[in-house]
Amino acid sequence: MDSVAIQASGLNRWFGEGDARTHAVKDVTFDARFGEMLYIEGPSGSGKTTLLSMISGILRPTSGTVAVEGRDIWGLPPDELADFRLNKIGFVFQDYHLFPRLTTLENAAMSLVMRKMEWGQALDQAMHYLEVVGLKDRATLPPVKLSGGEQQRVAIARAIAGRPDLLVFDEPTASLDGDTGRRIVEFVKKEILTAEKCIVLVTHDSRIFEYADRIMQMEDGKVKGFQKGASP
Amino acid sequence: MRGILRIAYKLIVNDRAKFAALLVGVTFAVFLMIMMTSMFAGILGKASSTVTNVGAQVWVMDPGVNTVASSIPMPDYVLDAVRSIEGVRYAVPLYSGAALVKLRTGTYQAVTVIGLDDASLFGRPRLVQGQIEDLYGENAFAVVRDSEFPKLGSPGMGTEFELNDHRAVIKGIAEVAVSGLFGIPTLYTTYNRAIQYIPSPRYTLSFVLVEPKSAAAVPAIQRAVKNMGYQALTAEGFKDKIATFYKYQTGLGTNVLLMTVISFVVGLSISGQTFYTFILENLEKFGALKAIGARGGVLVAMILFQATFTSLTSYGLGIGLASLTIAVAKLRLPSYAATVTLGNLATAFVMVVVIAAVSSFIGIRKVIRIEPFEIFRG
């Protein structure tokens, strides 16, 4: 499957006013395909996270368009855009953002519950994905009882539990040691990525470059170039 | 939506320290509000005890009268004039005054004496010992067995004592619906004996009790009495007048109002601050939910549910605690003046709703304003 999952055209994003006005993303055009793990790589302040936010329907671009599965997401009304994110996109944040007062299982079921799935059914489905990420035996524990790597896997279970077509990862290894980071990304590549899914991952961690299908390099808000990943 | 509310419930309840702080804060506020307003309601109820116990439909009095205890005597012709008003089925005199009883121990005890119409004994209490006709006997009095009864040495039938240097004999023991406010025992006798035993000014008629021919006749009776220069009030109207006096002319109402407002402010501050801290601590998580795809309405519903659940639980606990305290206090102090009324409950409920609304408003404003992009930026 080589169809286009995301098509970004002429994306620009400005922040601030007057003298403090900053051009964070400059005329970025690219696409990401199903079955592909695309990295957005670059130094801090290069606009990676801003770009990720724009293509995942979180931050409105100052100009340009984003089409996900052929649909112009920034043409959607706010509530429809929220529904679109909920149903089509899975998010994995750098700091996981798990609720410490809920169990691991309840955290993993969060996106399903938000989709108004019946409570028991949501927990059953989330349990399946906890099993996929190898944390079934941790289901009843609160996230604070888990290691950083395990918490990241819970965040991944939460993201994939709703079976979204597009997964976005923001610096998924930034809070993890090298080995754990590599294991997480290897797991994602082998177990999560399928021909029907597209994964976009923002990182500046070169230790995980080997798992990328393509790496989009950014610098100073612009796309500096693409390089083929070392992925087999 | 039920699943989301379940998540909201777990988020607040599982944060035990904050949940406990919220419960304690609002429960304490509700407890204080209920105690204050119940005490006031109890005082007002007791202040109107004679009106309740006598049971007359219409009371005629001097317009300057604010309470039963502070009656202003009217000339006797008022009774005849009232009887002649169209729509009056019958009218009887009532005496209400204070006297000193000298007990067998030699000590003195203040009492309230109610003098009932000699012919009809209208407004008589229910006797649990003795016959009401015995009030016509020589020096006869009936004593009310209430929380003040022991102050007369818990007299039995036939007990004798001195009342303003006159011999008095207990010929009946009565029970009434509501005991008095001022902590003194109550004696019933006939009108004529009352004015004979108690030194009186020129006029002796404290009140005229009126039984109208129908409820429709009451306004005309009130107008006719007003034309005479006096005031006719229904029992409820008289109770309202007494309540108004205590609320606005004694400082009691202002104090209770102040204490209630302070309780409300205490509850609001504790709840508002704790809830705000709870929201702040979870703000990034709410932002993450927003990023994942939670609509603003869903987050608002979660916060409203949390605030409402906490407030209503505290409301229930506060009422329970106040009721328990009042019940225990009444066991120890039978004359303890506190009554939990629907009005008190409604007042506390409204204040709790305001506490919940303000607390959740602070949180909602914070959550609505957070940009999911901030979560990505870390």
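**Figure 1. Helix α7 of chain A in the predicted model.** Helix α7(A) covers residues 178–192, 15 residues in all. From first C-alpha to last, α7(A) reaches 20 Å, close to the 21 Å expected at 1.5 Å a residue. Five positions are buried: A:Gly181, A:Ile184, A:Val185, A:Val188 and A:Lys189. Down the axis of α7(A), these buried residues fall within an arc of 130°, so they line one face of the helix. An α-helix has 3.6 residues a turn, so residues three or four places apart point the same way. A:Asp179 and A:Lys190 are exposed on the other side of α7(A). The cover over the buried residues includes β3 (37–41), α6 (148–161) and β8 (198–203), which belong to chain A.

**Figure 2. An open antiparallel sheet in chain A.** Four strands make up this sheet, in the order β2-β1-β4-β5. The edges are β2 (22–33) and β5 (71–72) of chain A. Each edge strand has a single partner, so one side of each is left without a neighbour in the sheet. Strand β1(A), residues 4–15, is joined to β2(A) by 8 bridges, and the two run antiparallel. Within this pairing, A:Val4 stands opposite A:Arg33 of β2(A).

**Figure 3. A:Tyr96, a non-glycine residue with positive phi.** The phi of A:Tyr96 is about 70°. A:Tyr96 lies in the loop that runs between β6 (89–92) and α3 (104–108) of chain A. Is A:Tyr96 buried or exposed? A:Tyr96 is buried: 22 other C-beta atoms lie within 10 Å, and 20 or more count as burial.

**Figure 4. A:Asp220, a non-glycine residue with positive phi.** Here phi is about 50°. A:Asp220 is partly exposed, with 13 other C-beta atoms within 10 Å. A residue counts as exposed at 12 or fewer and as buried at 20 or more.

**Figure 5. Strand β8 of chain B and its partner strands.** Strand β8(B) spans residues 186–190. Of its 5 residues, 5 are buried, so β8(B) is largely enclosed by the rest of the structure. Strand β3(B), residues 108–116, runs parallel to β8(B) and is joined to it by 5 bridges. In that pairing, B:Thr112 has B:Thr186 as its bridge partner. Strand β5(B), residues 140–144, runs antiparallel to β8(B), with 2 bridges between them. There, B:Val143 is the bridge partner of B:Leu187.

**Figure 6. Helix α10 of chain B and its packing.** Helix α10(B) holds 28 residues, 342–369. The reach of α10(B) from first C-alpha to last is 40 Å, close to the 40 Å expected at 1.5 Å a residue. Among the buried residues of α10(B) are B:Asn344, B:Ala348, B:Met351, B:Val352 and B:Ile355. Others in the buried set include B:Ser359, B:Ser360, B:Gly363, B:Ile364 and B:Val367. Which helices do the buried residues of α10(B) pack against? They pack against α2 (16–47), α8 and α9 (296–332) of chain B.

**Figure 7. Chain B in outline.** Chain B has 11 helices and 10 strands. Its radius of gyration is 29 Å, well over the 21 Å that the globule rule gives for 378 residues, so chain B is more spread out than a compact globule. Along the principal axes, the C-alpha atoms fill a box of roughly 95 × 50 × 30 Å. Of the 378 residues, 44% count as buried. Among contacts in chain B with a separation of 6 or more, 82% involve residues 24 or more positions apart.

**Figure 8. The contact between chains A and B.** Chain A brings 27 residues to the contact and chain B brings 24. On the side of chain B that touches chain A, α1 (2–14), α8 (252–292) and α11 (372–377) of chain B each supply at least two residues. Helix α1(B) gives the most, with 7 residues. This side of chain B has 13 nonpolar, 4 polar and 7 charged residues.

Notes. Residues are numbered from 1 along each chain as its sequence is written. Chains are lettered from A and ligands numbered from 1 in the order in which they are written. This is a predicted model: local features need pLDDT of at least 70, side-chain atom pairs count only at pLDDT 80 or more; totals for chains, interfaces and linings use all residues. Two residues are in contact if their C-beta atoms, placed from the backbone, lie within 7 Å. Ala, Val, Leu, Ile, Met, Phe, Trp, Tyr, Cys and Pro count as nonpolar, Asp, Glu, Lys and Arg as charged, and the others, Gly among them, as polar. The expected span of a helix is 1.5 Å times one less than its number of residues. The arc is that of the directions from the helix axis to the C-beta atoms. Two strands pair if DSSP finds at least two bridges between them. The radius of gyration is taken over C-alpha atoms; the globule rule is 2.2 Å times the number of residues to the power 0.38.
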